[in-house]
Amino acid sequence: MDDDGVRRDTPTAARGGSHEELDALWADPPGLWGRLRAVQNDAIGVRLMLTGFFFLLLGGSFDSFLMRLQLAFPEQALVSPQFYNELFTNHGSVTMFLVILPIFEGFAILVLPLILGTREMPFPRLGALGYWTFLLGGLVYYSSALFQMVPDAGWFAYVPLSGPEFSPDKAMDFWIIGLTVAEIGAIAAALEIIIGVLKMRAPGMTLARLPLFAWALLVMAFMILFGFTPLIIGDLLLELDRGFGTQFFNTAAGGSTLLWQHLFWIFGHPEVYIQFVPATGVVSMIVPAMTRRRIAGYTWIVASFVAIGFLSFGLWAHHMFTSGLSPIVLTFFSAASMAIGIPAGIQVVAWVSTIWLGRPQWKTAFLFVVGFLVIFVLGGITGIMTAAVPLDLQVHDSYFVVGHLHYVLIGGVAFPIFAGVYYWFPKFTGRLLDERLGRWNFWLLFVGTNLTFFPMHQLGLLGMPRRVVTYEAGLGWDVLNLLSTAGIFVIIPGLGVFVWNVVRSRRHGDEAGPNPWGADSLEWAVPSPPAEHGWSQLPIVRSRHPLWDQDDLHTGPPELENFVQRLADWPLNWRAAAIVGTADGRPQEVFRVAGPSIWPLVASGGIVLIFVAELVKLRWGAAIGLAITVVALVGWNWPSPAPMTEEEEAEFERDTGVPVNAGGSVVVAAWGMGLIILFVAIAFSTLLLSYFYLRLENPVWPPPGVADPPLGRALVAAALVAGSAVAARWSLARLGDNARPRFLAGLVAAIGLALAGVVVQVVDIAALDVTGGVHAYGSILWTLAGFNLTIVLAAVVMLGLALFWSIRGLYTGRAHAPVVNIVRFHVAAVAMWLIGFGVLYTGPVLT
């Protein structure tokens, strides 16, 4: 060890005689058919990153190049005003939805199994679904150009500009539908990341030993869940206004244009931090590796990740200071906007302290980290400036905000992405990126970024508004705009150098070896490139810096040594992975990871068809898409025979003390269902928020001429649906072999009661003299009611499948996790039903 306690020799992962067998077992099938069925984390991760980078070149670079050419000189007419609107709409939409987040999710799926010391992500098929929906959603969005209906209302789609009155064609429908499909993909990947970080780690890797990149990704994934879900609901309401004539955002019919801003910015401002937090995780991995120094303030950095995650959802109205909010509200959001600078500042101090005390290697990855620190700090300062309401009132919608946003997104997000590619590229290719080209890449981007976006701050202070197609000469903006345009001519060659470096080095770069940086985290212990299964023998983690502190990655407490040795040699005929305790990192379960499947692609196609049917107004196609999706999900989850008997599972448990579930994980399934319930609950809460917001905006509720809904039949429906939840819970207690008839009878009763409640409630709602196209009251009533009915019907379908599989004898007293999870979802759906219809029937009498 050196005097700073850092090892210079790297312990390596044991291969074992079963290495080749495991590698073949975990590999995706070859050929085109195999690629369509691929679920391996390396394939999915690389696809996400490459597709995101492709969208960057298409929408991030090309659009900005044309816009800057148009603004290089005053009173130019290189592009028309309409085309300019389309350019800035596409530029913002692609960058915020189709580039940065997919790249980071790709990083996560690619890197996490190695840095966590596990073999795979928990739901490989869910990761594949996330990729296919992201790709197809992006293609649907971009197909608007083929029909000459390119969205032009801005990436924020403010109403009424994006509504049916001012955007009557299908351009904004392409925006809503394409990006909503992509958002579904982002949420799918987030669910997998959460469970992967919390449950699929090496034995001994406690939360206190979790790599900082994993912490950052965990926070990012939860933020996606809480941020993207309200946006999906907002998109739904906007499409209902556009396609079905509802009145959510029509102020003349009880709607509110500010409701859209609230729903959008509840996503929009956290979205900046959704991108920033994983970027800081990348930096926190590279800094100690490149400085040969343990990161300073590990606990403080983790706390700052979590603090940013929470605080980011408390300052969405930072973007609404000019919208007429009350002074009290402005004061709160102004304070929150300033407070979030504290955890960001803690991270900067930790990184600078580590660099100061270490011995930096000035490799390209580290250059991008230093460039990130410089540019992000400048962007952060201007962010704190705009948190002051008086200043924000002056610079709002000016080029000052454009400069600030790009300093944060390029310096604070793009530079760490480049740093991460230079850092991890050797691990997954076995080749180093060229350092000489890397330095050209860095300096071109660093100089170009500052030359392009620094003058924009001054332009904003001089009064130049954003999103203008041209400007008059003599306003003092000419030289600054020319400098800003010149910067683009520096950035684009920088991107070109990067692409050439990746293409050239993939085949001709210097060989990397297992650990070219002398880094401390687990991924550098396996060969470069790693095997398909990553780890033949799982490591045992006893330190935050295992490669620096541990002489042998496979020694530790005897029970852990026995466990990892047994798992390395058995089983060799199915894809086995380990689950650990969330906090203590002790082995909790061995389960079978899902293998290659075509069903994620089929399900993605069904989801896209549902949305495209609405786009082209062939709504019968949505029913076909729904049928395809349901069939795909059933096929995806169709139980397959366990590759071993319960006696064999019990034998492994006796030897290691760790239970085996070759039919599928009990723990992972429970976590997955819990997160699905959380997702549905967030969507439901967003609809409730919309209801109460509209309720408070309307002094008369319901509108004149509409009677309060009677409670009679609604109470009967509530009693029937609540009874179905009781019956489902009752059936679980009779799941043993000796009580099988009563278990089946309980499921039948639960299904029957739920369907009866649905029928009674539909009859009651249909009897109300309320339509969704006259007033916002009717719009939210039918939408919230439809949501509750849909969720309960989905639960009924799940109960029906559980009943079918139970009749076939697939569940026993020991193996019945799917039934438990389905009942959990049903109970949650019933709870939302009772709350939702309770609000609809009692909301009109609230004062």
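Are F368 and F415 buried or exposed? Both F368 and F415 are buried, where buried means under 20% relative accessible area, exposed over 50% and partly exposed in between, computed with a 1.4 Å probe on protein chains only. Before selecting anything else, note that this is a predicted model, in which local features need pLDDT of at least 70 and side-chain atom pairs count only at pLDDT 80 or more, while totals for chains, interfaces and linings use all residues. Residues are numbered from 1 along each chain as its sequence is written, and side-chain values use heavy atoms, with hydrogens and water left out.

**Aromatic pairs**

Across the whole structure, a search finds 57 aromatic pairs; rings of Phe, Tyr and Trp (its six-membered ring) pair if their centres lie within 6.5 Å, and planes under 30 degrees apart count as stacked, over 60 as edge-to-face and the rest as tilted. Select F264 and W265, which form an edge-to-face pair at 5.0 Å centre to centre with 85° between the planes. F264 counts as buried because its relative accessibility is 0%, and W265 is buried as well, with a relative accessible area of 6%. Then return to F368 and F415, whose rings are also edge-to-face, at 5.3 Å centre to centre and 70° between the planes. This pair links distant parts of the chain, since F368 lies in helix α12 (residues 364-386) and F415 in helix α14, 47 residues apart; helices (H or I, at least four residues) and strands (E, at least two) are DSSP runs, numbered from the N terminus.

**Along helix α14**

Stay on helix α14 (residues 399-429) and select V402, which counts as buried because its relative accessibility is 11%. Leaving aside neighbours within four places in sequence, V402 is in contact with M456 and R466, contact meaning heavy atoms within 4.5 Å.

**The sheet**

Next, show the open sheet of 3 strands, whose order is β1-β2-β3 with mixed pairing; two strands pair if DSSP finds at least two bridges between them. The edge strands, β1 (576-580) and β3 (660-661), each pair on one side only. Strand β2 (residues 587-592) runs antiparallel to β1 and is joined to β1 by 5 bridges; V580 has P587 in β2 as its bridge partner.

**A charge over a ring**

Finally, select R619, which lies over the face of F244 at 4.0 Å from the ring centre; a charge sits over a ring if NZ of Lys or CZ of Arg is within 6 Å of the ring centre and within 35 degrees of the ring normal.
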